Amino acid sequence: MKTKYLIFLLFISANILSQTRTDNWCFGENAGINISAINHDVTVLNNGNIFAPASVSSISSTSGEIILYTNGSVSVNNLHQFVKTNKGIGGDFDRAQSTIIIPKPNAPNIYYIFAARKVASPNIFDPIKPGLYYTEYDANKKEIIKTRTQILDVPSTKLTAVHHNDGKSIWLVSMGLNTFDGDTKPTRAFFSVKISENGIDKDFIIKKLKGNSLPNSGAIKLAPNGTKIAFASLEDGMEVYNFNNLNGNVSNSLNVTKINPIKTHFVYGLEFSPNSKYIYSSSKDEDGLSYIHQYDLNRNDFGYKYKEIYKSLGKSNYGALQLAINGKIYHSVNKGNNINDFGNSLDVIENPDELADNIKFTPKAINLGSGKSYLGLPNFIQSYFNTKIITEKGCINLPTKLIANSYAEIEDGEWDFGDGSTGVGANPSHIYTKTGKFTVNAILSYDNQKVRVSKEIEIFPLPEVNNGLKLIQCDVGGTGEIFFNLNDINPKITDNYKVKGFVFYEKETDAIKGINQIPNSDNYKIKSNIQEIFVRVVDLKGCYSIASFELETTNAKLEIIEDFFTCEDSDGIENNQEGMFDLVAIENTIRTKQNIPNTTSLRFFTSLLNAQITKEELKGNYNSTSKTIWVRSDNKLSCGGIEPFNLVVNSKPIINIQDSYTICVEPSKHTPIYLEGNSFNDRFEWRNSNGVIISTDKKFLLNTIGNYSLTAYKTENNIECSSYKEFKVSYPDAAVFNQIDVDTETDNNIVSVSINGNSNYEFSLDNQTFFGNGTNYTFTNVIPGLRTIYVKDINNCEPSIQTNASVIGFNTFFTPNGDGSNDYWNLKGLDSTFFKSVNIIVFDRFGKILFSITDFNSKGWDGTYNGKILNANDYWFKASIIDLNDQLIEKSGNFSLIRN
């Protein structure tokens with residue numbers, strides 16, 4: 001042990017500049033490595049003194065010396081000696097990440113050893129209940145100054161930590177069972193506790209999660225930048241949430257896709273990339289093959305699948321994943337599940353900030369010598385790995401600001417800019433004189449530590465610009481109110497160069513400094529007849545060049561332009577007083593009349609100002625009311641003139657026709673109805689429903705029902721405009737029968753008729769002789785049988801109506817002699833339209849039934865019984881009839897059979 005310790009001291013002496021809390025890793029069975037924060041070299045350590053099959057944490061001083069390491073059950077000091085205590089640390093050393101060491105802020109020699117326990121300890125001499133514990137260690141005294149103290153008395157597991165937003169305090173996050181809210185069952189939850197220079201805050205921040213039990217195993221990790229938290233379990237895979245390092249809150253599950261839902265994967269190890277954009281998982285499938293996968297957390301589509309970056313060739317086991325100060329992620333190689341299935345090497349993800357397709361994964365990159373690796377790697381405060389250079393690009397010959405950040409304020413830095421130049425400062429600027437990619441290295445000082453960071457940045461060329469250009473504007477009317485759209489210079493000032501934007505200035509010094517830019521570059525009023533303007537041209541990479549151009553005025557004019565006319569509704573929209581103007585045709589007319597070549601552009605605008613600043617150009621078919629618009633002419637040299645002209649919308653012909661008209665059924669018997677096409681119009685086209693012109697007269701006689709239309713034409717300003725109107729001609733509504741009552745219980749056979757209508761009406765039973773003058777009438781002495789009732793209005797205008805009524809009756813005799821007249825006896829007025837059923841029995845004076853009628857279509861009785869002709873005599877009947885309202889009608893009587 002003494003030899004190993006001497007080797008360790010020699011290593012520290014040789015690398016005294018290596019100054020981070022995460023330099024020294026002690027883990028597994030006496031395994032260890034040192035990762036230099038300055039040159040990123042990895043040295044294997046063989047002097048460890050611990051057995052940590054799963055949970056382990058270690059911490060170094062800010063001068064790079066090992067201070068303390070623990071498996072959650074026992075602790076080892078910097079001399080690799082067990083720290084004496086009358087109590088254990090209290091954690092489950094065989095569960096992932098059940099312990100972590102956190103230095104007390106602003107107390108250089110004081111360290112908290114946190115330990116989580118899921119189940120009670122079986123040790124009868126020192127029983128330890130489930131919960132979260134801490135032990136306080138003084139590195140100067142190499143003594144525990146406060147023994148195991150419980151701060152959370154519920155089953156707990158999985159510990160991770162990150163710096164508070166203030167860069168000084170630290171958030172410790174544990175997973176446990178929440179029993180504080182009165183739930184009937186304990187619920188899985190995150191517990192966040194703040195550790196500051198005042199000690200441990202006992203007020204936990206709790207975030208409930210799904211599930212009523214704690215995962216058996218698997219890691220928990222906070223992102224280095226403190227924005228996300230993830231945990232793994234052999235049962236549930238992996239879950240990722242948002243974390244707020246200002247208040248310790250956990251929120252919004254990110255619904256990361258599970259690895260291969262068809263085949264079970266047991267996820268154990270987790271780690272975030274240094275830039276916190278990706279998360280990596282180690283897992284084993286049901287066939288015993290181990291994997292490492294990457295997830296892109298910046299993608300919004302939650303259906304994004306993981307990407308595999310490693311798969312074992314044969315049966316293997318998952319292990320812990322841990323980020324290091326050199327920006328790499330290490331994976332502990334563990335051969336199996338048994339206590340003796342250790343490994344002796346570490347895999348490494350060389351470039352975890354890259355997408356999966358570009359990842360370099362080196363299996364068994366580090367041989368641990370006599371040390372043995374199991375499931376675990378040291379658990380660190382994750383924000384220790386959040387030190388990085390943010391700058392990604394710059395521009396040639398312009399200052400490039402080199403910006404770095406960390407969990408604490410960066411105090412100073414030693415910089416190698418990658419082009420042979422060096423510099424100092426927290427965030428220095430450097431001017432690169434060549435384009436290309438440069439590897440920038442810096443040794444940053446913060447929180448009493450020195451850390452080397454590296455970043456490849458790219459320096460881009462400046463956009464090429466043209467100088468000495470002009471924008472020439474027309475001075476219309478000599479008012480001096482001349483405006484420019486400075487953006488009109490944009491396509492001229494660059495040669496097919498993709499740019500992000502143009503920023504304009506009145507002074508070159510302002511353009512260089514990027515201050516006092518012209519606010520309304522599309523509506524700029526010139527200050528003198530000739531004025532110089534400066535423009536900063538910014539490309540898509542953020543690089544810029546400065547060019548200048550001149551604004552100048554000219555008195556060039558166009559000839560006066562005559563008015564252009566169109567018809568109202570030519571835009572296809574009725575009653576909006578607008579018409580459609582073909583600006584292409586108008587342009588061609590102006591060119592022809594003023595002999596303007598095609599090399600000169602003509603553009604149209606709604607105002608003089610818009611014409612000057614070329615804003616809101618009118619194109620194609622333009623729908624408008626009557627108004628004045630402006631045409632602008634531009635040749636290759638300058639503005640060729642701006643001239644107003646009028647667009648005039650002719651009002652459409654007036655048609656005073658209603659949507660519908662009513663004529664009588666017999667129009668010839670009534671005063672003719674004519675429609676007037678309006679005498680102010682010039683010509684007319686009356687069409688039927690088939691679109692056939694049936695008249696071109698100004699007046700149109702309404703004598704036939706149907707659908708019609710009128711197109712009226714009027715010539716104004718040498719163009720003919722039209723209006724169109726559809727209308728309908730129909731008969732008045734016919735009256736409607738309201739109620740018909742038939743009374744055959746008396747000898748008079750009364751039929752009462754009532755109708756609904758808009759006139760007075762006459763009634764008839766033979767359609768020849770009509771009676772009455774109103775909306776009801778009563779007929780008496782109606783002959784039995786099916787009778788037709790006719791109704792017409794007294795003005796002979798409405799359509800006539802008719803209906804049938806059944807008047808039940810019978811003849812008092814019949815003569816069945818075969819002459820075709822009165823050969824059958826039956827009730828009259830029977831019709832299935834009015835009745836549901838009929839049952840008539842004919843019998844003699846002795847009550848003998850001779851015949852029955854149950855069919856509405858029956859002719860009746862022919863005077864026979866069983867084929868035998870009966871003698872002339874009197875006979876009787878009884879009838880039972882059911883009407884449509886299920887009312888029973890009964891009739892009886894006698895009649896005579898007469899034979900000649």
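C664 is buried, with a relative accessible area of 13%, where buried means under 20% relative accessible area, exposed over 50%, and partly exposed in between (1.4 Å probe, protein chains only). The structure is a predicted model, in which local features need pLDDT of at least 70 and side-chain atom pairs count only at pLDDT 80 or more, while totals for chains, interfaces and linings use all residues. Residues are numbered from 1 along each chain as its sequence is written, and side-chain values use heavy atoms, with hydrogens and water left out.

The partner of C664 is C797, and a disulfide joins the two with an S to S distance of 1.8 Å; a disulfide is a pair of cysteine sulfur atoms within 2.5 Å. This link is left-handed, with -90° about the S-S bond of C664 and C797. The pair links distant parts of the chain, 133 residues apart: C664 lies in the loop between strand 50 (660-662) and strand 51 (673-676), and C797 in the loop between strand 62 (785-793) and strand 63 (801-807). Strands (E, at least two residues) and helices (H or I, at least four) are DSSP runs, numbered from the N terminus.

How many disulfides does a search of the whole structure find? It finds four. In one of them, the sulfur atoms of C474 and C639 are 1.8 Å apart. The torsion about the S-S bond of C474 and C639 is about -110°, so this disulfide is left-handed. Here, too, distant parts of the chain are linked, with C474 in strand 38 (residues 469-474) and C639 in strand 49 (residues 639-650), 165 residues apart. C474 counts as buried because its relative accessibility is 0%, and C639 is buried with a relative accessible area of 1%.

Another disulfide joins C567 to C721, with 1.9 Å from S to S. A value of -85° about the S-S bond makes the link of C567 and C721 left-handed. C567 sits in strand 44 (residues 564-567) and C721 in strand 56 (residues 719-730), 154 residues apart, and the pair links distant parts of the chain. Both cysteines, C567 and C721, are buried. With bonded cysteines counted along the chain, the disulfides of the protein chain follow the pattern 1-3, 2-5, 4-7, 6-8.

Attention now turns to charged side chains. A search of the whole structure finds 22 salt bridges, a salt bridge being a side-chain nitrogen of Lys or Arg within 4 Å of a carboxyl oxygen of Asp or Glu. One of these contacts is between D522 and K615, whose side chains meet at 3.9 Å, N to O. This pair links distant parts of the chain, 93 residues apart: D522 is in the loop between helix 3 (508-513) and strand 41 (524-525), while K615 is in the loop between helix 5 (608-613) and strand 47 (621-624). D522 is partly exposed, with a relative accessible area of 28%, and K615 is also partly exposed, at 37%.

Which residue forms a salt bridge with D634? The partner is R632, and the closest N and O atoms are 2.6 Å apart. Both D634 and R632 are buried. In a further salt bridge, the side chains of K669 and E666 meet at 2.8 Å, N to O. K669 counts as exposed, at 53% relative accessibility, whereas E666 is partly exposed, with a relative accessible area of 35%. Salt bridges can also share partners, and in this way R683, E685, R687 and E720 are joined into one network.
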